[in-house]
Amino acid sequence: MFDDVHPGDPIPKLAAFWNNLKAAVAARRLLPGVGVRLREMPFGTIINFDADAAAWDHPWRIALNGKEATLRRGLVDGNEPKIGDRLMSGDKKNPDPPKLTIASSRFTKDGQSLICVEIECDERWNTKSAKLVQVARLSDTNPDSPGDGTTPLLPPALSGRKTRYPLVQLRQKESGDITAFQIAYFSLRHVALFPSGTTDEKRVRHFFFPG
Amino acid sequence: MFNFPARVYNDVMAAIRRGKPLRGLRSIIRETSAGVVVSADMPPSDWNHPWRLHPRWVEDDKGKENWNVTITPGFVNGANAVIGSTDLALTTDPTPTLKISAFRDATGLNGHYPALFKKLGARKPLEPDPALSGTLEENAQVEVALFPEQYGTRRLMAADVLLHIDHMGIRTDTFFADPTTGNLVIHSPAFTSELNRYPYRVQTVPEYTEVKYPTMLERMMGTMDEPNFDQLLLGTIWLLSPSDEPDDTQPGPTWQPYTQHFVFWNLSYANVNEFNYTNPQPITIHTGLAFGLLDSIGNSMLTPINDAYADVMNGLNETSMRGYFWTL
């Protein structure tokens, strides 16, 4: 930093002084590091320490708000799932991400429910479309009337070349509070395989991988 | 003539000096020519990953205290894993605990442990008495340490926590056939049923051993007996004793727990699920000579070839219910 000057001291190189002054001011500019958000205002800079920034905002991360859930954008084979008829991250017309309403009828008797991505495959078993659904059990054909069947060991082969993979498990306590347990942390890739010697669609095996 | 008052200059510089960000609580300041980077210095968030083990010394229902472990819920194919004889899901509220009923002595005979525990003062694992393990041969080389390694006097006990998955297995059943049909001994794959209806359960064992699947030779020899379960090591609970702990004591509340994890993500799992067996047609002779008697004799002579052919086909078919894990 510069030394103090006294009245009468010469300023032999005004340009050099000005450049040094500019550099000193520039070096004082605040820049945001990890976990910090800065807001520059005409009268100063507001520094916010964002504790949540350290947490990982991964795909499919759920945020529960009462009976509504939003999930961070995730992809299945590059397809963004929809909630209802809107993309899960929102769109240009309405950038607010749509909310998935948690239906209390879609819980098992012991208080479990799943938020799944349900995909539909084309005739070559590539992912054609994806949507988010809440079901009591993975294999429930009609989510609004959950069955009492056992939990399938693999993603089920549903009619219409569809299958589901669970993203979040919801657990309803006796008090009615719902706790969410994250299952998927990455976007997904899907592969459909037939057991050798068959092309029966009912026997197709669906596999999901991080992708 | 341009006049720049010294007072103004000093005021400007003082303002710049006053603007210097100084490090306070939980902040990191890094000065660069382009500016000052301000970062939050928060403790690293301790991510409570799936399958994370939390060892605890707790009292059980009968008032007896034991080392137990609670587990951050993990999922297999999106389904719950369960613990205990009552199949309590890991997501049950309150969190269910799993009792560690048996330990291995990592500082006992032929014990082994990660190098970290040596630094923490674990004692050297006991070694077999050389007097009992044979005599040295002539000209045998003996290593003599000039600087003996420094060990502590703390004992170390361990238990492994594993994910156990029941599934059907494949075994080879042996049948004896009429040799005149071309086969004498037929090895045929058959299912071994699973032990539990609910497949995914977490258990503790003193020491995990990898599940052994039949080799190709065993498949071809007709001695295949696949395990009807798969296991995956989730983690190890290490318990380090206070100094100079006697040999015969079990881990108590004064022992320090450490966890070593091997799985950090939820899992997918699938069986090979191949049951391709088709009984290969034996090579037979149909000449009709001597009223078919020569055919029978010839077919009997072909039985070793046909039996071996069937065994090879069994092996190559790789009929299996073996399972594989991958993280998701």
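Predicted model: local features only at pLDDT ≥ 70, side-chain atom pairs only at ≥ 80, totals over all residues.
Figure 1. The secondary structure of chain A consists of one helix and 14 strands. Of its 211 residues, 23% are buried. Contacts between residues 24 or more positions apart make up 46% of those in chain A with a separation of 6 or more. The mean pLDDT of chain A is 83, and 87% of the residues score at least 70. Within the chain, confidence is highest in strand 10 (residues 127–135) of chain A, with a mean of 95, and lowest in strand 2 (residues 36–41) of chain A, with a mean of 74. The domain assignment divides chain A into domain 1 (14–54) and domain 2 (62–210). Taken over C-alpha atoms, the centres of domain 1 of chain A and domain 2 of chain A are 45 Å apart.

**Figure 2. Strand 11 of chain A and its two antiparallel partners.** Strand 11 (residues 162–172) of chain A is largely enclosed by the rest of the structure, because nine of its 11 residues are buried. Strand 9 (residues 112–121) of chain A runs antiparallel to strand 11 of chain A and is joined to it by nine bridges. In this pairing, A:Ser113 has A:Leu170 of strand 11 of chain A as its bridge partner. Strand 12 (residues 178–182) of chain A also pairs with strand 11 of chain A in the antiparallel sense, over five bridges.

Figure 3. A:Trp60 is located in the loop between strand 3 (44–49) and strand 4 of chain A. Although A:Trp60 is not a glycine, its phi is positive, at about 70 degrees. Most residues other than glycine have a negative phi. A:Trp60 has 23 C-beta neighbours inside 10 Å and therefore counts as buried, the cut-off being 20 or more. A:Asn65 belongs to strand 4 (residues 62–65) of chain A. With 9 other C-beta atoms within 10 Å, A:Asn65 is exposed. A:Asn65 and A:Thr101 are 36 residues apart along the chain, and 9.8 Å separate their C-alpha atoms.

**Figure 4. An open sheet with strands from chains A and B.** The three strands of this open sheet follow the order 1(A)-2(B)-1(B), and the pairing is mixed. Strand 1 (30–32) of chain A and strand 1 (27–32) of chain B stand at the edges; each has a single partner strand, so one side of each lacks a neighbour in the sheet. From one strand to the next, the twist averages 30 degrees. Strand 1 of chain A pairs with strand 2 (residues 35–40) of chain B in the parallel sense, over three bridges. A:Pro32 has B:Val38, in strand 2 of chain B, as its bridge partner.

Figure 5. Chain B holds four helices and 18 strands, and 27% of its 328 residues count as buried. Contacts between residues 24 or more positions apart account for 70% of those in chain B with a separation of 6 or more. Helix 1 (residues 6–18) of chain B has 13 residues and, at 1.5 Å a residue, should span 18 Å; this agrees with the 18 Å between its end C-alpha atoms. The helix is hardly covered, as the count of buried residues in helix 1 of chain B is zero. B:Arg18 is part of helix 1 of chain B. B:Arg18 is exposed, with 8 other C-beta atoms within 10 Å. The C-alpha atoms of B:Arg18 and B:Met301, which are 283 residues apart along the chain, lie 104 Å from each other.

Figure 6. B:Asp87 is placed in the loop between strand 7 (82–83) and strand 8 of chain B. Its phi is positive, at about 55 degrees, although B:Asp87 is not a glycine. B:Asp87 counts as partly exposed, with 15 C-beta neighbours inside 10 Å. B:Pro94 occupies the loop between strand 8 (88–89) and strand 9 (97–99) of chain B. The peptide bond from B:Asp93 to B:Pro94 is cis, and its omega is near 0 degrees. Most peptide bonds are trans.

Conventions
Residues numbered from 1 in each chain as written. Chains lettered and ligands numbered in written order. pLDDT = per-residue confidence, 0-100. Domains from an automatic or database assignment. Buried ≥ 20, exposed ≤ 12 C-beta atoms within 10 Å, placed from the backbone. Contact = placed C-beta atoms within 7 Å. Expected span 1.5 Å × (residues − 1). Pairing = 2+ DSSP bridges. Axes fitted to C-alpha atoms, helices over the stretch in contact; angles between N-to-C directions.
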